[in-house]
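Welcome, and thanks for taking a look at this model.

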Amino acid sequence: MRTREGGLVDDEAAVIARVRAGEPEAYAALVRAHTAVALRAAVACGAGTEAEDVVQQAFFKAYRSLGRFEEGSAFRPWLLRIVVNETRNTVRSAGRQRAVAGREADMLGGEPRIPESADPAVAAVERERSRRLLDALDALGEDHRQVVIHRYLLELDEAETAQALGWPRGTVKSRLSRALRKLGLALGESLTEGPEGGEGRG
């Protein structure tokens with residue numbers, strides 16, 4: 001299976017089975033394939049400069065918990081749930097309060113969602129739209145912000161988002177719908193669920 005980050009795991013279930021059977025070195029394939037998205041999740045959820053430590057700890061916890069991993073499930077949303085929980089624990093224990101807009105700006109700065117334009121005027125409009133979007137995202141409640149981050153910034157589908165956040169799919173759908181309505185009101189745009197089973201921006 002090729003991940004969105006370009007990592008390659010020939011057969012994820014087989015790799016997990018090898019680790020469970022006593023080949024810990026096989027775990028490196030999962031780490032390589034999912035490190036990028038795990039870092040994005042940690043940064044998006046507030047880990048800031050501690051994102052790498054959070055991800056390292058999350059991979060360690062996932063390895064230790066692999067015996068409880070449900071066979072046939074997707075590894076990535078399961079890992080991201082651990083990353084999110086680990087990030088929360090880290091942020092709480094450190095007592096840090098980082099500005100959400102700064103977190104998403106850092107993340108988007110490393111991997112632009114909107115290609116840079118050669119036209120300075122167009123680029124300025126794109127930057128202004130990104131700033132407004134981040135401000136609106138910052139104003140959402142935690143549940144609504146998390147569902148938007150997982151669904152769009154981390155590019156998980158609805159089922160993966162449900163698994164990562166530990167919510168029923170219906171809760172993901174309803175919270176995403178409400179979050180998009182709030183973002184749309186803040187931005188003066190119509191943001192709705194998409195037509196193909198997932199949600200999108202209309």
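Helix axes here are lines fitted to C-alpha atoms over the stretch in contact, and the angle between two of them runs from 0 to 180 degrees between N-to-C directions. Please keep in mind that this is a predicted model.

**Helix 7 and helix 8**

Let us begin with the pair itself. Helix 7 covers residues 142–153 and helix 8 covers residues 158–165; their axes come within 9 Å and cross at roughly 130°. That angle makes helix 7 oblique to helix 8, and the crossing is right-handed.

Which residues of the two helices meet? From helix 7 come Gln-146, Val-147, His-150 and Arg-151, and from helix 8 come Glu-158, Thr-161, Ala-164 and Leu-165. Sorted by class, this contact has three nonpolar, three polar and two charged residues.

**Helix 8 and its ends**

Helix 8 is mostly covered, with six of its eight residues buried. Those buried residues are Glu-158, Glu-160, Thr-161, Ala-162, Ala-164 and Leu-165. After helix 8 comes Gly-166, which has a positive phi, near 75°.

Is His-150 buried or exposed? His-150, which sits in helix 7, is buried, with a relative accessible area of 0%. Not counting residues up to four places away in sequence, His-150 touches Val-84, Glu-155, Leu-156, Thr-161, Ala-164 and Leu-165. A polar atom of the His-150 side chain also lies 2.9 Å from the backbone oxygen of Gln-146. As background, an α-helix has 3.6 residues a turn, so residues three or four places apart point the same way.

Ala-38 belongs to helix 2, residues 27–44. Ala-38 is buried as well, its relative accessible area being 0%. Leaving aside neighbours within four places in sequence, Ala-38 is in contact with Val-55, Phe-59, Leu-79, Leu-80 and Val-83. Val-84, one of the residues that His-150 touches, is 46 residues from Ala-38 in sequence and 8.9 Å away in space, C-alpha to C-alpha.

Here are the distances between named atoms or residues in one place:

| Pair | Distance |
|---|---|
| Gln-146 backbone oxygen and His-150 side-chain polar atom | 2.9 Å |
| Ala-38 C-alpha and Val-84 C-alpha | 8.9 Å |

Note on methods:
Residues numbered from 1 in each chain as written. Predicted model: local features only at pLDDT ≥ 70, side-chain atom pairs only at ≥ 80, totals over all residues. Heavy atoms only, no water. Helix = DSSP H or I, 4+ residues; strand = E, 2+ residues; numbered from the N terminus. Parallel < 35°, antiparallel > 145°, perpendicular 65-115°, else oblique. Left-handed = near helix turned anticlockwise from the far one by under 90°. Contact = heavy atoms within 4.5 Å. Nonpolar A, V, L, I, M, F, W, Y, C, P; charged D, E, K, R; others polar. Buried < 20%, exposed > 50% of the residue type's maximum accessible area, 1.4 Å probe, protein only. Polar contact = N/O pair within 3.5 Å; in protein donor to acceptor, adjacent residues only side chain to side chain.
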